[in-house]
Amino acid sequence: MNFDFGTILALGIALFVIITILKTARIVPQRSNFVIERLGKFSRTLDSGFHLLVPFIDKVAYQHTLKEEVIDVERQACVTKDNIQVGINGVMYIQVIDAHKASYGINNYRYAASQLAQTTMRSVIGQTDLDKTFEERSKINEEVVRALDEAAAPWGIKVLRYEISDIELPASIKDALEQQMRAERERRAAIAKSEGERQSMINVSEGHKQEVINMSEAEKQKQINEAEGRAKEIELIASATAEGLQKIALAIKEEGGHEAMNLRIAEQYVKEFGNLAKTNNTMIIPAELANIGGAVAGLNTILQAKATK
C-alpha cells in the first residue's frame, strides 16, 4: 500500500492529538492523590476526579493511595530486660495523610516504616521483662505506635496501629515456663482442695454447734414446761384444798356439823391406827387408848379454833 505525503501527515497529526489528549487528561481515582511536577519541579497535588494537564510540561510524578495500608513487619531477634532472646514479628497499619511529604520526604516510606518498627520494637522489648512481654502486649504496642508516629510525621505518614502477631521463645525457656505453669496449677489445685476441706470442717462444726444449741434449747423449754406444769399442779391442789377446807368449815357451822366431824375424826383415827398395825411387827399402843373420845374432842377443839379465825 502506497501512502502519499498528505496521508502520512494526517496520520502523524492524529497520533499527536491522541498523545496530547493522553498527556493532558487525567482521572484520579477515589481516595487517591497524584503528585504533579512541572518541568521537574513540584507543581500541585491532584485529588480524585478529572483533571487537565499541560502537555509535555506537566507530568504525574507520584501516585499515592489514601487508604489504610497493612505492612507485615518481619521477624526480628530481641533481647528482653532479663537477657532472654525472643523472636517477634508484627503487623503495622499506616496511612498517607500528605502526598507531598510522602513523595519528597523519603524515598520509600513503606520500607522505612518497617525498619523503624523493628528498631523501635527491639528498644521497647529491651526495657521489658520476659513475663511482661506476654502480659503487657497492648502497652508495648502503644509505645511502638507512639514512637513510630512521631518519627514518621515528616514523611506525611500516620501510623495507626501496631500489633505483635507472634512471640517465639527458645526451647529451654518454653520448658521452664511449662514447668512453672504446671507447678502453679498444682499449687492452685492444692489450695482449692485445702479450702474445700476447711470449709467442710467448718460446716460440720457449725452443724454440731447448732445441734447442741437446739438440744439445749429443747431441754430448757422442757424444764420450763415441767416447772410450769408442777406450779400449775400445786396451784390447783392448793386451790382445791382451800376450797375443801372452806366447805368443811361451813359444814361444821351448820346444825349437826360438830357431831358429824367428831364421827369422821374417830373413823380416821381408827383407820390410821389399823394401818399402823398392819405395816409394823412391833406395835406401840398409846397409854390412853381407851380414851379415844378425849383425843377426838381435843382435835375437835383445834378445828373449831381454826374455823373461827
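Predicted model: local features only at pLDDT ≥ 70, side-chain atom pairs only at ≥ 80, totals over all residues.

Modeller: Residues are numbered from 1 along each chain as its sequence is written, and side-chain values use heavy atoms, with hydrogens and water left out.

Biologist: Why are α3 and α5 called oblique to each other?

Modeller: The axes of α3 (residues 109–126) and α5 (residues 137–152) cross at roughly 135° and come within 9 Å. Angles under 35 degrees count as roughly parallel, over 145 as roughly antiparallel, 65 to 115 as roughly perpendicular and the rest as oblique. The pair is therefore oblique.

Biologist: Which residues of α3 and α5 meet?

Modeller: Contact means heavy atoms within 4.5 Å. On the α3 side, Leu 116, Thr 120 and Val 124 are among them, and on the α5 side, Glu 143, Val 144 and Leu 148 are included. The residues of this contact divide into 11 nonpolar, 1 polar and 1 charged.

Biologist: What lines the largest pocket?

Modeller: Its lining includes Leu 130, Phe 134, Gln 180 and Arg 188; lining residues have an atom within 4 Å of a pocket point. About 260 Å³ of space lies in this pocket. α6 gives the most to the lining, with 6 residues. The lining divides into 4 nonpolar, 1 polar and 5 charged residues, with Asp, Glu, Lys and Arg counted as charged.

Biologist: What does Val 60 touch?

Modeller: Val 60, in strand β5 (residues 58–65), touches Arg 26, Phe 34, Val 35, Ile 36 and Leu 53, not counting residues up to four places away in sequence.

Notes: Axes fitted to C-alpha atoms, helices over the stretch in contact; angles between N-to-C directions. Helix = DSSP H or I, 4+ residues; strand = E, 2+ residues; numbered from the N terminus. 1 Å grid on protein atoms, 1.4 Å probe; cavity = no way out; pocket = protein on both sides within 12 Å on 5 of 7 lines; lining within 4 Å. Points joined across faces, edges and corners; volume = space filled by probe spheres on them.
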